[in-house]
Amino acid sequence: MRLFQRTIRDLHQMLVDREISSVELTESVLEQIGHVGDQTKAYLLVTRELALKQARAADERLRSQRDVRPLTGIPIALKDVLCVKDVTSTAGSKILKGFTPPYSATVVDRLEAEGAVFLGKTNCDEFAMGSSNENSGYYPVHNPWALDRVPGGSSGGSAAAVASGEAIAALGSDTGGSIRQPAALTGIVGFKPTYGRVSRYGLIAFASSLDQIGPMTRDVADSAVLLQAIAGHDRRDSTSSPKPVPDYLAGLDQGVKGMRLGVPKEYFVAGMEPAVEQSIRDAIRLLEQQGASIEEVSLPHSDVALPAYYIIAPAEASSNLARYDGVRYGYQAEGGRNLIEQYMLTRQAGFGAEVKRRIMLGTYALSSGYYDAYYLQAQKVRTLIIDDFKRAFEKVDALLGATSPTVAFPLGAKTQDPVAMYLNDIITIPANLGNVCGISLPCGLADGLPIGLQVIAPGFREDTALRVAYAFETATEFHKARSPLMGAAA
Amino acid sequence: MSAVATTYEVVVGLEVHAQVLTQSKMFCGCSTDYLKAAPNANTCEVCLGLPGSLPVINRRAVEATIRTALALNCEIPEFSKFDRKNYFYPDLPKGYQISQYDLPLSRNGHLDFDVKGEPRRAGITRVHLEEDTGKLLHEGAIEESQVSLVNFNRSGVPLMEIVSEPDLRSADEAREYVMRLRAILQYIGVNNGDMESGQLRCDANVSLRPAGSSELGTKVEVKNMNSFRAIHRAIEYEIERQTQVLDTGGKLTQETRGWNDARGLTVSQRTKEFAEDYRYFPEPDLPPLDVSRKWVDEIRSSLPELPAARRERFITAYGLTPYDASLLTSTPPMAEFFEATVRLGAPAKASANWILSDFSRLLNADQKEIQDASVKPAHLRELIGLIDSGVISGKMAKQTFETMYRASDPEPALAEAKGSSQISGDAELAGIVDQVIAENAKSVADFKAGKEQALKFLIGQGMKLSMGRANPQRLDALLREKIS
């Protein structure tokens with residue numbers, strides 16, 4: 001097996017045993033980026049020099065056996081919405097072209113303290129708004145399983161990088177499914193932790209009450225390792241939780257015997273592809289065979305989650321994106337004759353169509369006279385969804401369903417129909433609105449395209465989600481399938 | 001002119017913005033000392049609103065706001081939150097201001113003040129907390145300026161907004177309200193009261209209605225008043241302007257007008273048709289505030305004596321007029337100067353007169369605060385003592401006071417005043433010495449027995465008899481001579 005094909009835990013052992021060096025490993029991954037980067041377009045920026053410098057520092061740490069951590073020397077990709085000091089960070093938007101933050105996100109600081117190696121900034125939908133990565137302000141990402149198909153979004157670059165061997169693992173962000181859906185469409189594991197579990201400080205905001213950073217990895221255990229490194233309270237983010245972080249690896253292999261797992265009937269949505277549904281039903285049966293008791297549950301407000309989301313998220317986004325006015329940093333249009341014209345020209349040229357659409361939606365929803373009918377109403381729906389989950393979790397330990405109703409679709413298939421695109425997130429959005437956590441992991445292939453199983457656990461029960469996911473993974477071989485671009489795992 | 005002009009009732013409500021005296025900014029650790037720092041020196045990713053940065057609430061700013069609200073007799077709800085006020089302007093780096101909309105830290109209070117000794121009360125609608133903006137600098141006149149610069153040192157400085165009910169009925173009332181409010185803010189140490197540099201700012205909502213009417217007239221918001229005088233003049237001007245419009249059958253426009261102090265008039269800035277929709281919504285980056293009763297009680301018990309209470313005490317304890325008591329309690333340093341002078345033995349009425357007349361006149365001319373003057377309470381007490389004991393005349397004392405005030409050390413001027421009328425001649429002192437010896441046989445005996453202390457007492461008696469005019473050195477010598 002080539003080094004770039006391996007998992008964090010494998011490589012950690014090899015690094016600790018001095019079988020390989022971090023520089024060798026990093027060069028292996030950089031080489032793979034060189035081979036397939038032009039095909040996937042997973043990266044917006046490859047920080048080769050920084051990566052090799054960090055790899056050398058990691059090797060020094062490994063050599064002297066000083067503070068060796070699970071991620072020391074491991075090459076990781078960062079979604080472009082994460083600020084890295086002195087490294088261009090654009091959130092996939094032209095309006096932030098050339099913006100180099102003078103500070104790093106808390107998760108970046110934490111990974112740096114672990115001794116991780118940063119490969120670069122991965123491509124994404126502009127300001128994380130999208131489900132196919134076609135809204136990138138620069139270029140779309142291609143799915144390593146079928147280059148004419150989308151990798152999902154918005155963390156499509158991170159997903160494609162992990163699935164193609166262009167990174168051992170990556171960080172993504174998930175506002176309505178942006179980690180889980182691309183993970184499902186590229187055959188990797190993607191984990192959206194509970195809101196508040198991971199600091200958002202330095203995450204370029206889309207929708208502040210929903211955004212959450214999480215791991216994108218080759219298997220479940222790697223997600224546990226990566227989450228362990230980034231989770232926990234941050235005094236710079238007042239919405240981060242002070243709850244202690246458990247040891248996510250410790251309880252991973254307890255199995256599902258005796259666990260109660262719920263299947264929300266509403267999650268088998270209209271329009272779900274038969275192969276996807278079949279694969280999910282098979283996965284449920286397998287977990288039952290592993291000793292879990294399965295019961296159907298109802299989350300009755302699931303059908304209004306999507307419309308509520310498309311009020312709350314754009315409303316917050318319309319405010320979060322107001323700062324991009326071209327005055328202080330990023331792109332500035334020329335030719336404005338006065339302040340207002342300057343603002344308008346900059347924002348007209350700097351933002352893409354989907355971002356503008358959401359700014360308009362959100363501005364409208366917050367306008368005086370409409371606030372009660374839209375924003376306030378959507379917040380009430382959010383409360384109903386939170387209550388749905390609470391009721392369900394009185395009966396069961398975790399919920400099972402598909403991550404995406406379809407497998408990866410061809411590029412361009414949905415770009416003309418925003419609503420069809422929004423429907424991709426219909427089963428992932430409730431977890432963001434409901435303040436719970438959700439993990440997507442591979443559970444099959446349909447015509448050579450990956451299918452994702454979603455496990456949803458109560459708020460701050462990341463351990464439960466990981467435990468169920470790990471039990472499924474160890475009983476199956478799906479996670480071992482490698483995309484054609486990554487090559488056979490020989 | 002029409003034969004019967006309508007009489008109008010003036011309706012004024014004030015919005016006062018007061019920067020909170022904290023070390024660090026509202027949502028980050030940057031210093032609030034924005035006046036002295038080099039442009040944009042006191043900034044970070046949070047107060048510059050850089051992508052990805054998040055605010056963290058400054059507990060001390062919340063505490064100061066609650067302190068203010070309690071001093072203004074407000075209710076403090078247990079639950080409060082911050083909201084975003086969205087608008088575009090280059091001095092607002094996030095494109096929104098973090099403020100408070102429907103659940104402010106406090107509401108329903110009142111402020112007692114007086115106009116020429118007559119008590120008045122204005123309702124306080126609310127006191128809330130928000131962040132200040134940066135400051136724009138234009139090259140030349142704003143209309144023609146080709147370059148505008150932004151200094152974000154002020155961005156994120158904690159700012160309280162204190163909103164009154166439309167309870168004020170004249171420019172006099174408005175001015176007195178702000179003066180009393182400023183005194184309270186200074187008393188409780190939450191604001192430095194500096195209007196000129198904008199650390200205390202005032203906007204006025206001014207409208208007129210026919211006397212007897214209960215409906216409110218069209219409201220005009222007047223901004224940019226940087227002194228008590230400006231507040232008074234701007235409101236007077238606005239009352240006159242609105243009266244003329246209404247008297248000539250015109251209609252007033254709901255608008256914002258700026259006070260131009262140099263020209264002495266208000267100028268329309270924007271009308272209601274272009275009024276912004278701020279699209280307030282709860283700030284998702286900050287959790288709501290749970291204000292515990294225990295905390296509120298702690299803050300309440302730490303409040304010092306407030307101007308109204310101190311004013312009452314000055315009236316009852318020192319027999320001052322309400323007017324004098326109001327003026328003396330308008331700033332803590334002045335009230336403290338007065339009390340210190342009285343504590344040293346000076347009569348209250350005379351102390352008040354000196355502080356409020358000669359002293360204040362000189363301070364005002366120099367734009368100086370009483371605590372910065374070289375004249376201290378002990379000097380004033382001594383000067384008053386010299387007048388009372390007839391050593392110097394009132395007229396002479398005024399000259400002496402001014403000399404004392406101008407000098408970096410007031411002592412020589414005081415000594416000179418005493419010296420100019422000092423009795424040093426042995427012939428003149430002989431009578432005093434004889435009288436002292438005659439009236440204090442016991443002390444004379446004590447001194448003879450070797451008690452040096454007794455002589456000091458005898459000299460004191462001599463000073464008293466001479467009403468302070470005797471030369472103490474000579475007195476000493478003559479007493480020793482006479483007794484031995």
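This report walks through a few features of chains A and B.

The model is predicted, so keep the ground rules in mind: local features need pLDDT of at least 70, side-chain atom pairs count only at pLDDT 80 or more, and totals for chains, interfaces and linings use all residues. Residues are numbered from 1 along each chain as its sequence is written, while chains are lettered from A and ligands numbered from 1 in the order in which they are written.

Let's start with chain B. Its domain assignment (bounds come from an automatic or database assignment) lists domain 1 (8-298), domain 2 (328-419) and domain 3 (426-483). Taken over C-alpha atoms, the centres of domain 1 and domain 3 of chain B are 66 Å apart.

Chain B also meets chain A: 23 residues of chain B are in contact with 35 residues of chain A. Contact here means that C-beta atoms, placed from the backbone, lie within 7 Å.

Now for the open sheet in chain B. Helices (H or I, at least four residues) and strands (E, at least two) are DSSP runs, numbered from the N terminus, and two strands pair if DSSP finds at least two bridges between them. The sheet has eight strands in the order β5-β6-β9-β1-β10-β11-β12-β13, with mixed pairing. At its edges stand β5 (106-115) and β13 (265-271) of chain B, each with a single partner strand, so one side of each has no neighbour in the sheet. Within this sheet, β1 (residues 8-19) and β9 (residues 158-164) of chain B pair antiparallel over five bridges. In that pairing, Ala18(B) sits opposite Met160(B).

Over in chain A, look at strand β4 (residues 169-174). Six of its six residues are buried, so the strand is largely enclosed by the rest of the structure. Buried means that 20 or more other C-beta atoms lie within 10 Å of a residue's own, with C-beta atoms placed from the backbone (exposed is 12 or fewer, partly exposed in between). On one side the buried residues are Ala169(A), Leu171(A) and Ser173(A); on the other they are Ala170(A), Gly172(A) and Asp174(A). In a regular strand, side chains alternate between the two faces of the sheet.

Here are the pairings of β4(A):

| Partner strand | Direction | Bridges |
|---|---|---|
| β2(A), residues 75-79 | parallel | three bridges |
| β6(A), residues 212-217 | antiparallel | five bridges |

Conventions:
Two residues are in contact if their C-beta atoms, placed from the backbone, lie within 7 Å.
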